[in-house]
Each structure stands twice: as C-alpha cells, then as structure tokens.
Amino acid sequence: MSETPKRVTPVSLRKMKESRSPIVMMTAYDFPSAELLDRAGVDVILVGDSLGTVIQGKKTTLSVTLDEMIYHTELVARAAKRALVVADLPFPYAQLGPADAVRACAEILKQSNAGAVKIEGGEKRADVVRAVTDAGIPVMGHCGLMPQEIRKLGCYKVQRDEDALRRDLAAIQENGAFAVVLECVPREISRRLTAELAIPTIGIGAGAGCDGQVLVFHDLLGYHLPEEKAPKHARAYADLGSVITGAVQRYADEVRNGQFPSDENSF
Ligand code: KIV
C-alpha cells in the first residue's frame with residue numbers, strides 16, 4: 001500500500017529556512033497540473049491571481065473574482081497530497097479592510113480546502129494580516145512588486161526602496177505572516193532582508209539569496225506562443241508551446257489524410 005506523503009505546513013517552511021533547505025514553490029490552476037507538481041516534489045503550490053493573466057488572458061490580475069479563486073483552488077487542493085496549497089486573496093478584499101478580508105479568506109478555506117492564503121501588502125496591510133491570522137487562517141505575505149497596485153505603479157518595475165521594504169516585512173512578520181513572497185527586488189537587498197527575517201522569503205525576480213523560489217507554471221514550462229516573451233526573472237525548463245502545437249498539427253494532418261483513427265483506435 002502506498003504511504004500518504006507527509007504534508008508540508010507553514011511550520012515545515014520555517015524549519016526549512018532554519019536548516020537552509022531551499023523552498024520550491026510554483027503556481028498551478030487545475031487538477032492535473034497540481035497532481036504533476038505534487039508528484040515532482042514541489043513544496044508549495046500557489047493558486048495565484050496570475051490566473052487572470054496566464055489562464056484568462058487578461059492584462060492584469062485585477063478582475064479575478066473570489067469565486068474564480070475558490071473554483072481553481074478547490075481543483076488544486078483536491079490534487080495535492082503533499083504540497084502546501086496557498087490561494088491568493090484577490091483584489092480588493094485586503095484593500096477593503098480586516099473584516100472583508102477575514103470573510104473572504106474564510107470562504108476560500110471553507111470552500112476550497114486550501115492550507116493558507118497569500119495577501120499582497122506590507123505595513124499598510126498589517127491590520128489585515130493580524131485579523132486573518134487571528135481568525136486561524138495562515139497568511140503568506142507578498143511584498144516588493146505588488147501586481148494588485150499596477151494602476152498606481154503604472155508598470156511592473158523593480159522595487160528598490162530598502163527601508164520601505166524592511167518596514168513592510170517587519171510589519172507582516174510581527175503580525176503573524178508565516179512566510180513572504182518577495183517580487184522584483186534587487187538581489188543584494190533581498191539577501192540582506194532575508195537574513196534579518198525569521199520567516200522564510202520566497203523570491204520571484206529577487207535573486208538567489210531568498211529562502212525559496214517561485215515561478216509561474218506557464219513561464220517555467222514555456223506554455224505560450226513562441227513570440228510571447230517570458231519575464232526576465234523566469235527560466236523556461238520546457239517548451240510546451242512547441243510540443244502542443246507540434247502534436248496538434250500532427251493530429252490534424254493524420255485526421256485529414258485518414259491515418260487517424262487506425263484500427264487500433266477503433267472498436
Ligand atoms: O499570482 C501569482 O502567481 C503570484 C506569484 C507571481 C508569486 O503572486
């Protein structure tokens with residue numbers, strides 16, 4: 001009988017930081033992808049609100065709804081046996097304040113069976129992080145570049161204000177966050193900040209000095225048209241775009257020239 005793998009928890013992530021064991025995190029949005037990531041040994045599966053861009057084809061993450069987050073997180077959480085499943089709190093529940101944020105995070109946990117939520121924001125969202133953790137819901141923070149602030153920022157850019165970042169990270173750590181995503185931060189800054197924090201940092205475009213790394217599923221697997229450029233911080237470990245196009249073209253050719261289905265595929 002196969003043994004159920006030991007589940008990764010917020011506490012295990014803290015231990016991984018202490019033992020300098022790098023945390024591997026990736027996004028996923030559906031059941032089969034999450035099954036494969038879990039089998040490959042990914043520690044944390046993030047159901048990111050990046051689903052707005054990579055799944056829905058939108059320009060930003062702002063339109064992703066709570067129901068959409070719950071729908072995708074439920075698919076992923078049902079598939080993952082070992083990984084900690086973290087769901088993004090979509091815009092604008094954290095911005096509305098602690099009461100709305102707690103209600104939305106509780107709904108995500110109840111309906112999707114996620115293990116934790118991720119909330120964008122530092123000092124400004126300290127009260128939200130406190131309220132959600134006090135409600136018994138583990139919170140992963142997200143500092144540095146915060147895509148939910150894209151309208152204010154104007155464009156996705158590297159965040160270099162070390163003092164502001166330090167204040168943001170201290171605020172969410174003090175208020176109960178168990179880990180934090182650091183997005184688009186110069187590597188020397190994230191190395192210093194990571195060393196100062198007790199909670200693990202998980203970087204995306206934040207260099208090798210973080211306690212872990214996260215990449216978006218589609219960027220890591222090259223799952224897009226060849227002319228679409230992945231962000232500078234991503235590395236493509238496969239070229240699914242070409243694999244899919246090639247396979248579908250072969251199928252189309254074989255249907256058109258009568259090679260598919262063969263007798264083997266028929267009853
Ligand atoms: O939404 C997302 O996928 C994220 C990652 C980029 C960290 O927040």
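**Close-up views of the predicted model**

**View A. Asn 113 is found in the loop between H6 and E4.** Helices (H or I, at least four residues) and strands (E, at least two) are DSSP runs, numbered from the N terminus. This is a predicted model, in which local features need pLDDT of at least 70 and side-chain atom pairs count only at pLDDT 80 or more, while totals for chains, interfaces and linings use all residues. Residues are numbered from 1 along each chain as its sequence is written, and side-chain values use heavy atoms, with hydrogens and water left out. The phi of Asn 113 is near 65°, a positive value in a residue other than glycine. With a relative accessible area of 62%, Asn 113 is exposed (buried is under 20% relative accessible area, exposed over 50%, partly exposed in between; 1.4 Å probe, protein chains only).

**View B. Cys 184 sits in the loop between strand E6 (179-183) and helix H10 (187-196).** Although Cys 184 is not a glycine, its phi is positive, at about 50°. Cys 184 is buried, and its relative accessible area is 12%.

**View C. Glu 123 lies in the loop between strand E4 (116-120) and helix H7 (126-134).** Its relative accessibility of 45% makes Glu 123 partly exposed. Apart from residues up to four places away in sequence, Glu 123 touches Arg 167, Asp 168 and Ala 171 (contact means heavy atoms within 4.5 Å). Glu 123 and Arg 167 are 44 residues apart along the chain, and their C-alpha atoms are separated by 6.5 Å.

**View D. Helix H6 (residues 98-112) crosses H7 at roughly 45°, their axes coming within 9 Å.** Axes are lines fitted to C-alpha atoms, for helices over the stretch in contact, and angles run from 0 to 180 degrees between N-to-C directions. H6 is therefore oblique to H7 (under 35 degrees is roughly parallel, over 145 roughly antiparallel, 65 to 115 roughly perpendicular, and the rest oblique). The crossing of H6 and H7 is right-handed, the near helix being turned clockwise from the far one by less than a right angle. Pro 98, Ala 101, Val 102 and Cys 105 of H6 meet Asp 127, Val 128, Ala 131 and Val 132 of H7. By class, the residues of this contact are 7 nonpolar, no polar and 1 charged (Ala, Val, Leu, Ile, Met, Phe, Trp, Tyr, Cys and Pro count as nonpolar, Asp, Glu, Lys and Arg as charged, and the others, Gly among them, as polar).

**View E. The axes of helix H2 (residues 31-39) and helix H4 (residues 66-79) come within 8 Å and cross at roughly 40°.** H2 and H4 are thus oblique to each other, and their crossing is right-handed. Phe 31, Ala 34, Glu 35 and Asp 38 from H2 meet Leu 75, Val 76, Arg 78 and Ala 79 from H4. The residues of this contact comprise 5 nonpolar, no polar and 3 charged.

**View F. The largest nonpolar core has 54 residues.** A nonpolar core is a set of buried Ala, Val, Leu, Ile, Met, Phe, Trp, Tyr and Cys residues joined through side-chain atoms within 4.5 Å. Ile 45, Leu 89, Ile 108, Val 117, Ile 119 and Val 132 have the most contacts inside the largest core. H4 supplies its largest share, 6 residues. A second, separate core of 17 residues includes Val 8, Ala 116, Met 140 and Ala 179.

**View G. A cis peptide bond joins Phe 91 and Pro 92, with omega about 5°.** Pro 92 is in the loop between strand E3 (84-88) and helix H5 (93-96).
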